Every structure is written in structure tokens, then in C-alpha cells.
Amino acid sequence: MTIADLVPSEVVPLLTTRWLARPYHYYPTIGSTNEVLKQLAAAGKLGHGAVVLANFQQTGRGRLRRRWQAPMGSSLLLSLLVQPDWPVEQVQWLTMLASMAVVTAVSQFISVPVGIKWPNDMMLQYDDDWRKFGGILLEGEMDGNGRLRQAVLGIGLNVNLAVAELPDAVTPPTSLLVAGGQPVSRRDLLLALLAALEQGYDDADAGHSPFAGWQAHLMTLGTAVQVTQANGDVLAGEATAATDSGALLLTTPDGQEHTITAGDVTLRR
Ligand code: BT5
């Protein structure tokens, strides 16, 4: 049984946002919220600020055709459509501000530290370990003039999954329930998340970079990591800093600094 706590009649009257989640589209079951939102946007049916949220995804996606798995009724699974007129170098600001909105919202419901594992993993720290409870999936579209015109930001957060429901994953998974020891209201978390997302977007749109806050929450920095790059190359070293455009700086044992723009990070112990 699933409590229908995310249906529009339960959520819309409580929204504190001005433009985000207006409209708010709820699906009990969907393929992928990112895919459906992209189709509706391509058909001209939705514009800036639209949100698609599902109680269950049949084909939830991560990056690089990976799967995002979440039992029905357990999670927040949503995508938002934004139509910024930003230089393309700022595209990663969207991942940064979404990650920071997750930090802000989740911190209101759980007392364990919330961190960001570069580039897009949301992590909780307990029992001397960081575990993944969420991920961000950004899909942007540029125009011919190097401007970012439209982007879909997908956010998946494990809210009330029990230990037995956590998926098999390379990065150890967790949920707010498992980490905090008590269930969290998906609706209240959603409302806090949407408010933080709107604030973060408005700040970025006014030209204020979300970089400093994001970098301060990157638990990856100062640690020994192994980075698998998009082309399959693997580099091991220390993650030292990040850049305003979202790259990770890695120093290898030979003292060389590498700028990583895309890839997966494994923490080494
Ligand atoms: C991500 O990809 O972490 C981004 C996930 C974004 C999901 C949201 S849900 C709403 C929206 N609609 C979609 O279709 N997607 C977005 P990536 O960094 O590639 O990580 C994917 C990997 O995380 C998988 O290969 C698994 O190892 C692991 N994984 C899958 N489901 C997980 C879960 N529920 N909790 C923790 N790890 C998970």
C-alpha cells in the first residue's frame, strides 16, 4: 500500500514557490520522469518551471544509460524543466544548485551530515562512512550561439527505503530512513526541496554562482580517489579542488594536476 501523499491535491495548495512546480504533474507510474518531461517540452506542452514527479519509475535512469531503482512509494523521483539564457559554461551551475537544494532540504529532516560526491551523487555520513542516498541527472540543450536554452534536471532521493530495499550499487546506498532511523514525510521534503531549488535558481539566474557552497559540500575533496573518465581512462590521486564550471582537479602522485570534466569517482581507503 502506498499513501498518495504526493498527489497534486496534497502538494499544490502547500507550495511556497512562485514559478517552480507550476504546473506540477504527478504520475502514479511512469517510464522516466526525465524522458516524459523532455517529450512534453518538445511538444511545446510545458515551459519553464514545470515539474513531473512519479510515485514509481519503470525505467528510471542514471547517467550513461544506467538504471535508477526505487520501490513504489519509497522515494522522491522528479524532474524540473528550466529555460535559462545562460552561457554554456554555466551549465553545471544547474547540477550545483540542485545538489545544494538537496543539502538544504534534507538537512531540515535529518541530523547526519549531507555531502556531495563529485559530480552528482548525494551522500549521507554515518558509522564513519559516506553512503549514497540520491543522484542528479542533468540533460541540457544548447542553441547555436553557445547559450544554454533548456535543461531537464532529474532528482532521485531515497526517502523511506528499508535496508532490504536498497539496490545493489557500486557506491554503498542508503536512505533517509536507514540513516536517520525514522521515516520522513515525502511531501514535506518535496515542499522544502522545491522552495530551495527555486531560491537557488533565482540566485544563479541573477548571476550569483552556486560554486562556493557546492565546493564546500564536496566530500570528495582532500581524499584519495580513483576517477574513471568518460573514455575509460582511470586516474588515481588526490581530489584537491573543483572549478566554477564544475570540473574536478586531481593531483596524481607525480605531482601533475588534472582537470576532470566528466567521470565517476571511487573513494580509496
Ligand atoms: C545518478 O546517476 O545518480 C542520477 C540518478 C537520477 C535519478 C532521477 S529519478 C528522477 C529522474 N528521472 C530519471 O529517469 N532519473 C532521474 P549515476 O551517477 O549514473 O548513478 C547510477 C548508479 O547509482 C547505478 O548504476 C547504481 O549503481 C546506483 N543506484 C541505482 N539506484 C540507486 C538508488 N536508489 N540508490 C542508490 N544508488 C542507486
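User: Why is D121 called buried?

Analyst: D121 has a relative accessible area of 6%. Buried means under 20% relative accessible area, exposed over 50%, and partly exposed in between (1.4 Å probe, protein chains only). The value for D121 is therefore that of a buried residue. The model is predicted: local features need pLDDT of at least 70, side-chain atom pairs count only at pLDDT 80 or more, and totals for chains, interfaces and linings use all residues. Residues are numbered from 1 along each chain as its sequence is written, and side-chain values use heavy atoms, with hydrogens and water left out.

User: What makes D121 and K117 a salt bridge?

Analyst: Their closest N and O atoms are 3.1 Å apart. A salt bridge is a side-chain nitrogen of Lys or Arg within 4 Å of a carboxyl oxygen of Asp or Glu, so the pair qualifies. K117 is buried, at 4%.

User: Which parts does the salt bridge of D5 and R186 tie together?

Analyst: The N to O distance in this bridge is 2.7 Å. D5 lies in the segment before α1 (8–11) and R186 in helix α5 (residues 186–205), so the pair ties together parts 181 residues apart in sequence. Helices (H or I, at least four residues) and strands (E, at least two) are DSSP runs, numbered from the N terminus.

User: Is R186 buried or exposed?

Analyst: R186 is buried, because its relative accessible area is 3%. D5, at 18%, also counts as buried.

User: Why is G213 called partly exposed?

Analyst: G213 has 29% relative accessibility, so it counts as partly exposed. G213 is found in helix α6 (residues 211–216).
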